[in-house]
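Student: I am new to reading protein structures. Could you walk me through one, feature by feature?

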Amino acid sequence: MQIVRNPTRAVRIGNVTIGDGHPIAVQSMTATATRDVAATAEQVNALAAAGADVVRIAVDSTADAAALGEIRQQTGANLSVDLQENYRLVEQVAPHVDKVRYNPGHLYHHERQKPWQDKVKLIADLAGQHGCAIRVGVNCGSVDPAKAAKYGHGDSITPMVESAVEHCEQLDRLGFTQYCVSLKDSDPTKVIEVNRRFAAERPDVPLHLGVTEAGLPPDGIIKTRIALEQLISRGVGDTIRVSLTVPNHRKPEEIAAGRKILEDIAAGRVRSVVDYGLSTLNIISCPSCSRVENEAFVELAEQVKELTRYAADHRLTIAVMGCRVNGPGETDDADLGLWCGPKQVNFKRGPQLLGAFGYDEILPRLKHELDLLIAKQAQ
Ligand code: SF4
């Protein structure tokens, strides 16, 4: 499936470029103590070996910053540094990394009297001198306090968007263009909304997508998948991270999960109904999981694709889902929805249930309903 991507500008991170139609980069982050040079370098290299385009390392002290210089000697990976609360550490770390991430909400913690604009200038100057990209990383749990106070508890989205846009404008004024933005929340629906709103305001800025604190697999992967499906299918997103709660030796699973999600979205194997914004037939089928009760599901999904080729030029969505747990809800937005049970396939048109049919009966029934929809479109 050819997904039309947003026209973002190109941003180089070491030997990887994001934005401007480049492949969506997959990132991860170390979970070792940064001061433990051997363990962190080992994890960076394990993530790079698993296919990480960029590996992020958190730096929270001068000891961490010193360790980063040594870690750099032990890896060729593209490194991003996460400046936590002490933005001044950028002076020590910028020479060793390809990207610097700062959180606008954290710029208030040190030197409270100093305007945040001056702090951003220092970060941008150092990043510029050392050829680093910047990520403005806005997080739901640490939004700029002035913005959060302006909107109160009822609206967590607007302060995040405003804060990100404000920092983009500041970097623009400084003439620094090699930046991207992330807007993360632990709730996938908020991740979708906040990123859509930001992308509508600044379609030129590359977006780093992710669900923060997504949790243990498989739930953490599913939450991230829900958000990424809705955003990437509509051209939003230039790099991703799947944040998983796994032991250190399993961190490379974040990369495998990210690549699988991207592959699945490109192939239309999606868990929720997505609109690719195309004016052609949209056939989606879930990626399947342990809940599938009849292995015939995969074959059925292929048969649906084959059977409906004749309708390729019609703007309709058919969803084929693997189970009775999530199938009913996840087909709600499709024109025709199928979900599999042990012996029968459930079928609906829009929200209306049409019945349950045997695996050998469902295809003619589907074709009949599809023909009716096509006839209706022609009226
Ligand atoms: S629809 Fe059911 S089988 Fe398919 S991925 Fe979702 S939970 Fe798994």
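Student: In which hand, left or right, does α7 pass α8 in their crossing?

Tutor: A crossing is left-handed if the near helix is turned anticlockwise from the far one by less than a right angle, and right-handed if clockwise. Here α7 passes α8 in a right-handed crossing. The contact (heavy atoms within 4.5 Å) is made by P188, V191, I192, N195 and R196 of α7 together with K223, I226, A227, Q230 and L231 of α8. Sorted by class, this contact has 6 nonpolar, 2 polar and 2 charged residues. For the classes, Ala, Val, Leu, Ile, Met, Phe, Trp, Tyr, Cys and Pro count as nonpolar, Asp, Glu, Lys and Arg as charged, and the others, Gly among them, as polar.

Student: Where do these names and values come from?

Tutor: This is a predicted model, in which local features need pLDDT of at least 70 and side-chain atom pairs count only at pLDDT 80 or more, while totals for chains, interfaces and linings use all residues. Residues are numbered from 1 along each chain as its sequence is written, and side-chain values use heavy atoms, leaving out hydrogens and water. Helices (H or I, at least four residues) and strands (E, at least two) are DSSP runs, numbered from the N terminus.

Student: At what angle do α7 and α8 pack?

Tutor: Axes are lines fitted to C-alpha atoms, for helices over the stretch in contact, and angles run from 0 to 180 degrees between N-to-C directions. Angles under 35 degrees count as roughly parallel, over 145 as roughly antiparallel, 65 to 115 as roughly perpendicular and the rest as oblique. Helix α7 (residues 188-201) and helix α8 (residues 219-232) pack at about 25 degrees, with axes 8 Å apart, and are therefore roughly parallel to each other.

Student: How do the axes of α1 and α2 cross?

Tutor: The axes of α1 (residues 37-49) and α2 (residues 62-73) come within 9 Å and cross at roughly 50 degrees, so these two helices are oblique to each other. Their crossing is right-handed. On the α1 side, V37, T40, A41 and V44 meet A67, E70 and I71 of α2. That contact has 5 nonpolar, 1 polar and 1 charged residues.

Student: Which strands make up the closed barrel?

Tutor: Strands of a sheet pair through backbone hydrogen bonds, either parallel or antiparallel. Two strands pair if DSSP finds at least two bridges between them. The closed barrel of 8 strands runs β3-β4-β5-β6-β7-β8-β9-β10, with parallel pairing. Neighbouring strands of this sheet are turned by 25 degrees against each other on average, direction ignored. Helix α1 packs on the sheet, touching β3 (25-29), β4 (54-59) and β5 (79-83), and its direction makes about 155 degrees with that of β4.

Student: In what sense do β14 and β15 pair?

Tutor: Strands β14 (residues 344-349) and β15 (residues 352-358) pair in the antiparallel sense over 6 bridges. They form a hairpin with 2 residues between them, and G350 in the turn has a positive phi of about 55 degrees.

Student: Which peptide bond is cis, and where is E111 placed?

Tutor: Most residues other than glycine have a negative phi, and most peptide bonds are trans. The bond from P217 to P218 is cis, with omega near 5 degrees; P218 lies in the loop between β9 and α8. E111, in the loop between β6 (99-102) and α4 (116-129), has a positive phi near 50 degrees.
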